[in-house]
Amino acid sequence: MATSPSLKPASSPAGVVHSLAYTRYAGPRRSPAMVPLVIARYALMAQLRQRGVKVALLVGLLLLTIFAAAMGFKWALPTIVSGSAFGGGAMAAPQLAEMVREGEADVLTMTLRAQFLPAFLLVLWCGAGAISADLMAGAFQFHFSRPVSPARYLAGRMLSASGWALALSMATLLVLCIERLAFQSTPLGAARAFGLGTVAVLLELTSMSAVALGVSSLTRRKGLAQAMFAAIVFAGWVLFRSLGALIRAPWVKTLDLVSCVDAMVSQFNHDSPLRGAQAAIPALAWLVWTAGALALAGWRLSRAEVNRV
Amino acid sequence: MDAPGVDVGVVACAPPRDDVASAAVKLRVRSLSRRYEGVTALDDVTLTIPEGRTALLGPNGAGKSTLLKCVLGLVRPTAGDIEVLGIDPRRDPLGVRARIGYMPEDDAHLPDLTAVELCAYGAELAGLPPREAIDRAHAALFYVGLDDKRYMPVQGYSTGLRQRTKLAAAIVHDPELLFLDEPTNGLDPASREEMLSLIADLRARRGCSVVLSTHLLADVERVCDHVVVLNAGKVVADAPLREVLGLGDGRYLVRVKPVAERFEAFERALRDLGCESDPSPDARGEWIVRPSSPDDPSPIWEAALRADVQVRHLAQRKASLDEAFLRLLA
């Protein structure tokens with residue numbers, strides 16, 4: 001490391017300038033590709049200080065415990081009954097196979113259902129207000145005067161918007177898969193359920209986070225952004241449900257932000273009512289929500305990169 | 001008020017200073033233009049910012065912000081070349097931003113982060129490893145005078161503490177070139193003095209060149225040694241501060257004991273000794289004198305001796321930067 005030209009204390013009337021034997025930094029610098037991870041790490045750390053995030057995490061842990069106990073009981077019961085004097089001996093092979101299939105379907109469904117409310121609350125707290133809060137605090141100047149591109153900023157915000165919800169959902173999925181393995185499933189079946197569950201969780205959180213950030217990029221007011229996000233999730237669900245029932249078109253019910261992922265999970269479980277070309281509608285709806293929201297946020301950030309610095 | 005003795009022609013529209021050694025040049029701009037729809041924000045701007053402390057001056061709308069955005073690679077110039085620390089920001093904007101620091105005028109912090117976290121975050125964004133980032137965050141905050149307050153969230157800080165935090169965040173990744181936008185805005189006199197001391201020290205101790213954008217010209221006179229003035233998108237001055245102030249043009253301000261009946265004799269003696277002299281507009285008994293040899297004021301002493309006047313003040317004439325600035329803009 002090279003030393004600076006002079007280390008003598010500078011003259012300052014208040015003595016504020018301290019001599020630190022300052023040396024220039026000559027060590028390695030990490031690639032700008034690491035920027036999203038840095039943004040996410042600091043944001044996740046700061047989010048943990050918010051009461052809403054703590055409450056949502058506690059609710060999530062409570063629900064995880066309840067669902068794990070309930071599902072464990074459900075899956076363990078047939079094994080206990082079939083092995084007891086009341087069970088009438090061993091189960092027939094087809095019956096057992098059906099039970100295993102249903103159990104794996106349960107993993108997907110229950111992971112999403114158990115953590116929907118906490119995941120929604122976490123994305124609401126961590127994502128829907130994220131860009132608004134940055135706009136309000138002048139954080140765009142902070143980011144975009146450094147080697148941070150709008151795309152990397154958005155990637156970092158996506159990770160931080162969904163980080164805690166992802167951790168909670170994956171913990172739930174892991175617990176349920178371990179229970180499956182303990183009571184009914186084979187290692188391969190449990191691994192399959194874990195893989196599909198991971199995909200389902202990622203699909204749900206990616207679309208929710210993208211929409212939360214898209215909405216957040218529209219306004220400096222954090223509360224307004226959160227209200228808009230909540231309205232899109234719940235009002236959208238009610239609207240498309242009602243419309244689908246009114247015109248008797250089941251595919252319309254899969255167009256909202258939440259139902260499109262649910263419908264895809266049903267397709268994973270082979271119990272979707274959509275057939276033929278309609279089967280692609282939930283995936284298309286998911287794509288439109290996610291890509292549309294990301295494009296909106298990206299466009300707003302590109303403008304902000306220039307105008308806010 | 002006009003500033004007598006300031007020959008603005010010397011500094012206005014100075015040609016590109018290619019004589020400045022490349023190693024000492026931090027920012028070089030050649031024929032840079034940037035046009036928005038119907039508006040020319042920068043018009044054929046050519047300037048060179050050397051090592052040291054440079055002031056970037058100009059009225060609102062002069063093009064300072066657009067120039068800064070071009071430097072950061074946020075805005076693509078319509079025409080011309082720009083080179084920051086040897087890098088073309090159009091080709092590698094992130095590379096430029098990793099090596100420069102920017103302290104914005106407005107608040108620029110992140111909600112819920114303390115000053116230490118904010119600075120460490122800034123350092124990590126610039127590519128420093130986490131351990132090094134936290135070490136340098138503490139050092140930078142100590143340097144700007146934030147002690148135990150560094151562990152408090154920034155949104156609760158006073159204006160002075162926020163300014164210091166912004167400065168620490170701008171220098172934490174060890175930039176080679178630092179842009180400061182109105183760093184003394186909103187500070188009380190003591191805090192302003194401390195901020196200016198820090199800015200002066202940055203160059204001396206950290207080897208960091210500084211570009212200071214401000215409307216407070218007294219700050220510029222305190223800490224800068226080079227001045228670039230923009231007006232309506234054009235460069236109207238790009239010169240060392242002493243040239244802009246008129247120092248070195250061979251003029252002296254002479255004040256004598258106010259004995260009116262000897263003034264005429266003093267003026268005659270000055271003329272006889274080859275000096276040009278004009279009465280100062282500021283006070284009776286003062287003259288602005290240019291001796292035949294700019295570095296030798298001895299004829300003034302000789303004239304005073306001949307006219308039997310008592311010299312009470314003799315110094316090289318300099319205009320205030322306010323006067324020079326207004327004259328340049330006019």
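A disulfide is a pair of cysteine sulfur atoms within 2.5 Å. By that criterion, a search of the whole structure, which is a predicted model, finds 0 disulfides over all chains. The points below cover cysteines, the domains and a helix of chain B, a surface patch of chain A, and selected loop residues of chain B.

**Cysteines**
- C224(B) takes part in no disulfide, and the nearest cysteine sulfur, belonging to C208(B), is 13 Å away.
- C224(B) is buried, with a relative accessibility of 7%.
- In chain A, C126(A) is buried as well, its relative accessible area being 4%.

**Domains of chain B**
- Chain B is assigned domain 1 (1-99 + 175-247), domain 2 (110-172) and domain 3 (252-319).
- Between the C-alpha centres of domain 2 and domain 3 of chain B there are 55 Å.

**Helix α11 of chain B**
- Helix α11 of chain B spans residues 321-329, and its buried residues are L321(B), E323(B), A324(B), F325(B) and L328(B).
- In an α-helix there are 3.6 residues a turn, so residues three or four places apart point the same way.
- The cover over the buried residues of α11(B) includes the strands β3 (53-57), β8 (226-231) and β9 (234-240) of chain B. Helices α7 (217-223) and α8 (241-244) of chain B are also among the covering elements.

**Surface patch of chain A**
- M34(A), L37(A) and L159(A) make a nonpolar surface patch of about 250 Å².
- M34(A) lies in the segment before α1 (35-47) of chain A and is partly exposed, at 32% relative accessible area.

**Loop residue P258(B)**
- P258(B) sits in the loop between β10 (252-256) and α9 (263-272) of chain B, where it is exposed at 60% relative accessibility.
- Apart from neighbours within four places in sequence, P258(B) contacts F263(B) and R312(B).
- The C-alpha atom of P258(B) is 8.7 Å from that of Q310(B), although the two residues are 52 residues apart along the chain.

**Positive phi angles in chain B**
- Most residues other than glycine have a negative phi.
- D174(B) has a positive phi, near 65 degrees. D174(B) belongs to the loop between α5 (159-171) and β6 (177-181) of chain B and is buried, with a relative accessible area of 7%.
- A232(B) also has a positive phi, near 50 degrees. A232(B) is placed in the loop between β8 and β9 of chain B, and is exposed at 56% relative accessibility.

Key:
Residues are numbered from 1 along each chain as its sequence is written. Chains are lettered from A and ligands numbered from 1 in the order in which they are written. This is a predicted model: local features need pLDDT of at least 70, side-chain atom pairs count only at pLDDT 80 or more; totals for chains, interfaces and linings use all residues. Side-chain values use heavy atoms; hydrogens and water are left out. Buried means under 20% relative accessible area, exposed over 50%, partly exposed in between (1.4 Å probe, protein chains only). Helices (H or I, at least four residues) and strands (E, at least two) are DSSP runs, numbered from the N terminus. Contact means heavy atoms within 4.5 Å. Domain bounds come from an automatic or database domain assignment. Patches are made of residues with over 30% relative accessible area and no salt bridge: like charges are joined within 9 Å, nonpolar side chains (Val, Leu, Ile, Met, Phe, Trp, Tyr) within 5 Å. Accessible areas come from the Shrake-Rupley method with a 1.4 Å probe; for residues, only the protein chains shown count as cover. A salt bridge is a side-chain nitrogen of Lys or Arg within 4 Å of a carboxyl oxygen of Asp or Glu.
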